[in-house]
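I opened the notebook to work through one model, starting with its overall build and then going element by element. My notes follow in the order I looked things up.

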Amino acid sequence: MAFDYRKLKGRIVEKYGSQTRFVKKYGISENSFSMKMNNKTRFSSDDILKMSEMLDISKEEVGEYFFTEKV
């Protein structure tokens with residue numbers, strides 16, 4: 001199952017200006033983050049919690065950003 005992270009990408013750019021700035025602040029390599037965003041590896045529950053906090057994503061909105069299936 002693959003997930004659609006377009007909304008997440010938009011939120012990252014909205015809050016941090018670029019994915020590069022976000023991953024530096026998050027403390028992950030761009031390569032590792034890219035693999036997650038391209039469905040090569042999964043986001044852990046810790047990833048989701050920390051990123052949601054950094055991006056001001058409420059618990060009610062988490063599904064829209066991390067669990068929308070690609071069609």
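By helix I mean a DSSP run of H or I with at least four residues, numbered from the N terminus. The model is a predicted one.

**Entry 1: overall build**

I listed the secondary structure and found five helices and zero strands in the protein. Along the sequence the pattern reads α-α-α-α-α. The radius of gyration is 11 Å, close to the 11 Å that the globule rule gives for 71 residues, so the protein is as compact as a globular protein of that length. I then boxed the C-alpha atoms along the principal axes and got roughly 30 × 25 × 20 Å.

I looked up burial next: buried residues account for 35% of the 71 residues. Of the contacts between residues at least 6 apart in sequence, 61% join residues at least 24 apart.

**Entry 2: surface and charge**

I noted an accessible surface of about 4700 Å², with 49% of it belonging to carbon and sulfur atoms. I counted 14 positive and 11 negative charges, and their mean positions lie 6 Å apart.

Met-1 sits in the segment before helix 1. Is Met-1 buried or exposed? Its relative accessibility is 64%, so I put Met-1 down as exposed. Leaving out residues up to four places away in sequence, Met-1 touches Arg-42 and Glu-69. I also checked Met-1 against Lys-25, 24 residues along the chain, and their C-alpha atoms are 29 Å apart.

In helix 1 I marked Leu-8, Arg-11, Ile-12 and Tyr-16 as buried. Viewed down the helix axis, these buried residues fall within an arc of 105°, so they line one face of helix 1. Exposed residues Arg-6 and Glu-14 are on the face turned away from that buried side. The cover over the buried residues of helix 1 (6–16) includes helix 2, helix 3, helix 4 and helix 5. After helix 1 comes Gly-17, with a positive phi near 85°.

I picked out Lys-36, which lies in helix 3. Buried or exposed, for Lys-36? Its relative accessible area is 12%, and the cut-off for buried is under 20%, so Lys-36 counts as buried. Apart from neighbours within four places in sequence, I found Lys-36 in contact with Tyr-5, Ile-28, Thr-41, Arg-42, Phe-43 and Asp-47.

Where does Ser-44 lie? I placed Ser-44 in the loop between helix 3 (30–37) and helix 4 (45–54). Ser-44 has 33% relative accessibility and counts as partly exposed. Gly-27 is 17 residues from Ser-44 in sequence, and the C-alpha to C-alpha distance is 14 Å.

**Entry 3: helix 4**

Which residues of helix 4 are buried? I wrote down Asp-47, Ile-48, Met-51, Ser-52 and Met-54. They fall within an arc of 160° seen down the axis, so the buried residues line one face of helix 4. On the face turned away from the buried side I found the exposed residues Ser-45, Asp-46, Leu-49 and Glu-53.

I then asked what the buried residues of helix 4 pack against. Their partners are helix 1 (6–16), helix 2 (19–26), helix 3 and helix 5 (62–66). Past the end of helix 4 I checked Asp-56, which follows the helix and has a positive phi, near 55°.

Methods
Residues are numbered from 1 along each chain as its sequence is written. This is a predicted model: local features need pLDDT of at least 70, side-chain atom pairs count only at pLDDT 80 or more; totals for chains, interfaces and linings use all residues. Side-chain values use heavy atoms; hydrogens and water are left out. Helices (H or I, at least four residues) and strands (E, at least two) are DSSP runs, numbered from the N terminus. The radius of gyration is taken over C-alpha atoms; the globule rule is 2.2 Å times the number of residues to the power 0.38. Buried means under 20% relative accessible area, exposed over 50%, partly exposed in between (1.4 Å probe, protein chains only). Contact means heavy atoms within 4.5 Å. Accessible areas come from the Shrake-Rupley method with a 1.4 Å probe; for residues, only the protein chains shown count as cover. Lys and Arg count as positive and Asp and Glu as negative; His and the chain ends are not counted. The place of a charge is taken as NZ of Lys, CZ of Arg, CG of Asp or CD of Glu. The arc is that of the directions from the helix axis to the C-beta atoms.
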